[in-house]
Amino acid sequence: MEQHPADAPEHCPGTQSETAGKVSACAGCPNQSICASGAARAPDPGVGLVRNRLSSVRHKILVLSGKGGVGKSTFTALLTRALAALDIDRNVGVLDIDVCGPSQPRVMGVAGEQVHMSGSGWSPVYVDENIAVMSIGFLLKGPEEAVIWRGPKKNQMIRQFLSDVDWGELEYLIIDTPPGTSDEHLSAATYLQGADLDGAIIITTPQEVALLDVRKEIDFCKKMKIPILGIVENMTAFVCPKCHTPSNIFPPNTGGAAKMAEEKSLRLLGRLPLDPRVARSCDEGVNALTEFPDSPVVAAMHSIVKDLQAILRPAINTGGSESMDTS
């Protein structure tokens with residue numbers, strides 16, 4: 001994907017600009033010398049590698065949020081399990097590109113597993129017959145090992161995840177991302193734009209401190225031309241497992257995700273209540289959808305999946321991967 005200043009994050013002239021690496025905004029960037037040399041303006045061969053590798057993946061979906069702690073990893077796991085339950089013959093993959101804080105191995109119940117290299121690439125770890133997971137967590141010596149990398153090394157790791165993992169035939173690839181709008185997001189967006197990315201689901205919680213950061217993520221998607229499939233409000237209310245009474249832990253003083261979606265002309269995919277049983281299931285790596293079928297989270301997830309399928313239906317009907325751009 002060619003990146004121009006208008007598409008780049010604020011203050012960055014863009015890797016394709018003649019001034020890349022040469023202006024004051026570039027000072028301190030780990031990629032400054034590469035951009036200044038002009039090497040970044042050359043076509044990245046990784047784009048073609050990613051496109052070829054993911055050609056057997058029908059739908060690619062990013063899970064984004066500018067705010068940490070809003071439940072991206074939890075939602076990714078729930079969405080993956082809900083999609084996989086629709087048809088055992090259709091495979092779903094989870095790619096965890098949170099290089100510094102990988103959560104999916106534990107959330108999906110495969111912590112401690114290892115990936116293996118073959119002639120066709122890395123083999124992901126299988127949770128169930130039709131759910132595969134790839135994360136840097138599988139490559140570390142232990143769960144407490146810190147990843148202390150600068151931007152270029154993280155970018156290289158993400159490119160390898162996208163181009164070197166042998167997923168086989170997948171119906172969906174759900175990509176869990178870290179908070180923010182920086183290296184990991186730029187790398188993923190750049191490589192996936194050439195691989196028929198369907199779009200992004202943006203996660204938030206109701207309070208304004210989260211919505212402020214999520215608005216930045218929406219702006220990032222617009223600048224990077226990533227279609228926004230919809231917004232999901234997580235932790236909408238706490239629902240007591242015994243009396244089923246809802247309580248607003250994070251009051252939506254400014255209208256929450258619904259108001260923001262209306263202001264931004266985006267789709268509100270759904271609201272997920274806060275159920276402590278679901279939170280516990282993530283720590284234990286079990287499937288909350290089957291362990292707690294009476295949870296209001298399960299009903300909300302089924303509704304979200306139904307709406308998501310309707311959004312992707314043009315691609316399903318035509319056999320392509322065209323998605324609705326609502327951003």
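Mentor: Start with a definition: accessible area here comes from the Shrake-Rupley method with a 1.4 Å probe. On that basis the protein exposes about 14,600 Å², with 51% supplied by carbon and sulfur atoms. Keep in mind that this is a predicted model.

Trainee: What else describes the protein as a whole?

Mentor: The protein has eleven helices and eleven strands. Of its 327 residues, 50% count as buried. And if you take contacts between residues at least 6 apart in sequence, 77% join residues at least 24 apart.

Trainee: How many aromatic pairs are there, by the rule for ring centres?

Mentor: The count comes to one aromatic pair. The ring centres of W122 and F161 are 5.9 Å apart, and the limit for a pair is 6.5 Å, so the two rings qualify.

Trainee: Why is the pair of W122 and F161 called tilted?

Mentor: Look at the planes: they stand at 55 degrees. Stacked needs under 30 and edge-to-face needs over 60, so what falls in between is tilted.

Trainee: Which parts does the pair tie together?

Mentor: W122 sits in strand β4 (residues 121–123) and F161 in helix α5 (residues 151–164), so the pair links parts that are 39 residues apart in sequence.

Trainee: Are those residues buried or exposed?

Mentor: The cut-off for buried is under 20% relative accessible area. W122 comes in at 11%, so W122 counts as buried. F161 has 0%, so F161 is buried as well.

Trainee: What makes R81 count as buried?

Mentor: R81 has a relative accessible area of 8%, so it falls under the cut-off. R81 belongs to helix α3 (residues 72–86). Leaving aside neighbours within four places in sequence, R81 is in contact with V107, M108, V127, D128, I131, G285, V286, N287 and L289.

Trainee: Let's move to helix α2 (residues 45–53). Which of its residues are buried?

Mentor: Those are G46, V47, G48 and V50, and they pack against α5 and α6 (183–193).

Trainee: How are α2 and α5 arranged where they pack?

Mentor: Their axes are 7 Å apart, at an angle of about 35 degrees. From α2 you have G46, L49, V50 and R53, and these meet R159, L162, S163 and D164 of α5. By type, that contact divides into three nonpolar, two polar and three charged residues.

Trainee: Why is L49 called partly exposed?

Mentor: The relative accessibility of L49 is 44%, so L49 counts as partly exposed; that label covers what lies between 20% and 50%. Setting aside its neighbours within four places in sequence, L49 is in contact with R159 and S163. L49 and G194 are 145 residues apart in sequence, yet 9.9 Å apart in space, C-alpha to C-alpha.

Trainee: There's another helix pair, α7 and α8. How do they pack?

Mentor: Helix α7 (residues 208–223) and helix α8 (residues 256–264) have axes 11 Å apart and an angle of about 30 degrees. α7 passes α8 in a right-handed crossing. L211, V214, R215 and I218 of α7 make the contact with G256, A257, M260, E263 and K264 of α8. Those residues divide into five nonpolar, one polar and three charged.

Trainee: And P252, where is that?

Mentor: P252 is in the loop between β10 (246–247) and α8. At 37% relative accessibility, P252 counts as partly exposed. P252 and A237 are 15 residues apart in sequence and 9.9 Å apart in space, C-alpha to C-alpha.

Trainee: Which loop holds D196, and what is its phi?

Mentor: D196 lies in the loop between α6 and β8 (199–204). Its phi is near 60 degrees, a positive value in a residue other than glycine.

Trainee: K225 has a phi near 60 degrees too. Why is K225 called exposed, while D196 is called partly exposed?

Mentor: Exposed means over 50%. K225 has a relative accessible area of 53%, so K225 is exposed. D196 has 48%, so D196 is partly exposed. As for its place, K225 is found in the loop between α7 and β9 (228–239).

Notes: Residues are numbered from 1 along each chain as its sequence is written. This is a predicted model: local features need pLDDT of at least 70, side-chain atom pairs count only at pLDDT 80 or more; totals for chains, interfaces and linings use all residues. Side-chain values use heavy atoms; hydrogens and water are left out. Rings of Phe, Tyr and Trp (its six-membered ring) pair if their centres lie within 6.5 Å; planes under 30 degrees apart count as stacked, over 60 as edge-to-face and the rest as tilted. Helices (H or I, at least four residues) and strands (E, at least two) are DSSP runs, numbered from the N terminus. Buried means under 20% relative accessible area, exposed over 50%, partly exposed in between (1.4 Å probe, protein chains only). Axes are lines fitted to C-alpha atoms, for helices over the stretch in contact, and angles run from 0 to 180 degrees between N-to-C directions. A crossing is left-handed if the near helix is turned anticlockwise from the far one by less than a right angle, and right-handed if clockwise. Contact means heavy atoms within 4.5 Å. Ala, Val, Leu, Ile, Met, Phe, Trp, Tyr, Cys and Pro count as nonpolar, Asp, Glu, Lys and Arg as charged, and the others, Gly among them, as polar.
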